[in-house]
Amino acid sequence: MRITRVTIAAVCTAAAVAVAGCGSDTAEEHHVHEGSDDHEVIEPLSPQQIDADDTAITAMGMILSWQPASDESKTDALIRATPYLGGDLLAVAESGSRADVRPDADWQQWAAAKDAVTAVCAHSDTTPVAPAGMRTVVIDVICTQTVLHASGRSTRLTPQLWRTTIVRTDDGWRLTDYRFQQ
């Protein structure tokens, strides 16, 4: 069987036409991806399947995310973080006691404006090195809160350093304490 240049050219041309025919130039078929204001709940990581770092990051992100218009106090955020808590911190969350919680200076203003506060946390390089196999570790996290205004604007607050204590339980890592560092 002999393949000529004409045969190769014909096959290449046919392939090019077939590939080009798969597209379309009509405006109706161009897809434009637009954002939306639909709020979908993103399920947090399962506390039984994450490591100590992710436990600290996830728990602190939940604890520092507030809904002043509907939350009675910052304790409501602590209660939402219950699956990631252990020890005395879990006991406080389960008690629902709001007596000792100091509100943020802007809480009433945010509540009146129907603003929300969301926090994003990340592992900090200031975390002390823990020996392998420890069941209690200290992890520093940097958390940045952002005020989401009802008007659609947002205000990023100053990042804060938090020192957390994470304890290994039979059911995964749990946050047992956190302290503001700076």
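Modeller: Before we start, a disulfide here is a pair of cysteine sulfur atoms within 2.5 Å. This is a predicted model, where local features need pLDDT of at least 70, side-chain atom pairs count only at pLDDT 80 or more, and totals for chains, interfaces and linings use all residues. Residues are numbered from 1 along each chain as its sequence is written, and side-chain values use heavy atoms, with hydrogens and water left out.

Colleague: How many disulfides does a search of the whole structure find?

Modeller: The search finds one. That disulfide joins Cys121 to Cys143, with 2.2 Å from S to S.

Colleague: Which parts does the pair tie together?

Modeller: Cys121 is in strand S1 (residues 116-123) and Cys143 is in strand S2 (residues 136-148), so the pair ties together parts that are 22 residues apart in sequence. Helices (H or I, at least four residues) and strands (E, at least two) are DSSP runs, numbered from the N terminus.

Colleague: Why is the disulfide right-handed?

Modeller: Because the torsion about the S-S bond of Cys121 and Cys143 is about 110°.

Colleague: Are Cys121 and Cys143 buried or exposed?

Modeller: Both Cys121 and Cys143 are buried. Buried means under 20% relative accessible area, exposed means over 50%, and partly exposed is in between (1.4 Å probe, protein chains only).

Colleague: Back to the strands. How do S1 and S2 pair?

Modeller: S1 and S2 pair in the antiparallel sense over eight bridges. Two strands pair if DSSP finds at least two bridges between them. His123 stands opposite Val141 in S2.

Colleague: And what about S2 and S4?

Modeller: S2 and S4 also pair in the antiparallel sense, over eight bridges. Thr136 stands opposite Val167 in S4.

Colleague: How many bridges join S2 to strand S3?

Modeller: Three bridges join S2 to S3 (residues 154-156), and the two strands run antiparallel. The bridge partner of Val147 in S3 is Thr155. S2 and S3 form a hairpin with five residues between them, and Gly152 in the turn has a positive phi of about 105°.

Colleague: New topic, salt bridges. How many does the structure hold?

Modeller: The structure holds four. A salt bridge is a side-chain nitrogen of Lys or Arg within 4 Å of a carboxyl oxygen of Asp or Glu. In one of them, the side chains of Asp140 and Arg163 meet at 2.7 Å, N to O. This pair links distant parts of the chain, with Asp140 in strand S2 and Arg163 in strand S4, 23 residues apart.

Colleague: Is Asp140 buried or exposed?

Modeller: Asp140 is buried, with a relative accessible area of 1%. Arg163 counts as partly exposed, at 31% relative accessibility.

Colleague: What else is Asp140 in contact with?

Modeller: Contact means heavy atoms within 4.5 Å. Leaving aside neighbours within four places in sequence, Asp140 is in contact with residues including Ala122, His123, Ser124, Leu161 and Trp162.

Colleague: Which residue forms a salt bridge with Arg80?

Modeller: Asp71 does, and the closest N and O atoms are 2.9 Å apart. Arg80 is partly exposed, with a relative accessible area of 31%, while Asp71 counts as buried at 8% relative accessibility.

Colleague: What does Arg179 form with Asp177?

Modeller: A salt bridge, with the closest N and O atoms 3.6 Å apart. Asp177 is partly exposed, with a relative accessible area of 26%.

Colleague: Now the rings. How many aromatic pairs are there?

Modeller: The count comes to four. Rings of Phe, Tyr and Trp (its six-membered ring) pair if their centres lie within 6.5 Å; planes under 30 degrees apart count as stacked, over 60 as edge-to-face and the rest as tilted. One of the pairs is Trp66 and Trp107, which is tilted, at 5.8 Å centre to centre and 50° between the planes.

Colleague: Where do Trp66 and Trp107 lie?

Modeller: Trp66 lies in the loop between helix H2 (52-63) and helix H3 (75-80), and Trp107 in helix H5 (residues 107-113), so the pair ties together parts that are 41 residues apart in sequence. Trp66 is buried, with a relative accessible area of 5%, and Trp107 counts as buried at 5% relative accessibility.

Colleague: Why is the pair of Trp162 and Phe180 edge-to-face?

Modeller: Because the planes of Trp162 and Phe180 are at 70°, with the ring centres 5.4 Å apart. Trp162 counts as buried at 11% relative accessibility, and Phe180 counts as partly exposed at 47%.

Colleague: Which residues form one aromatic cluster?

Modeller: Trp66, Trp107 and Trp110 do.
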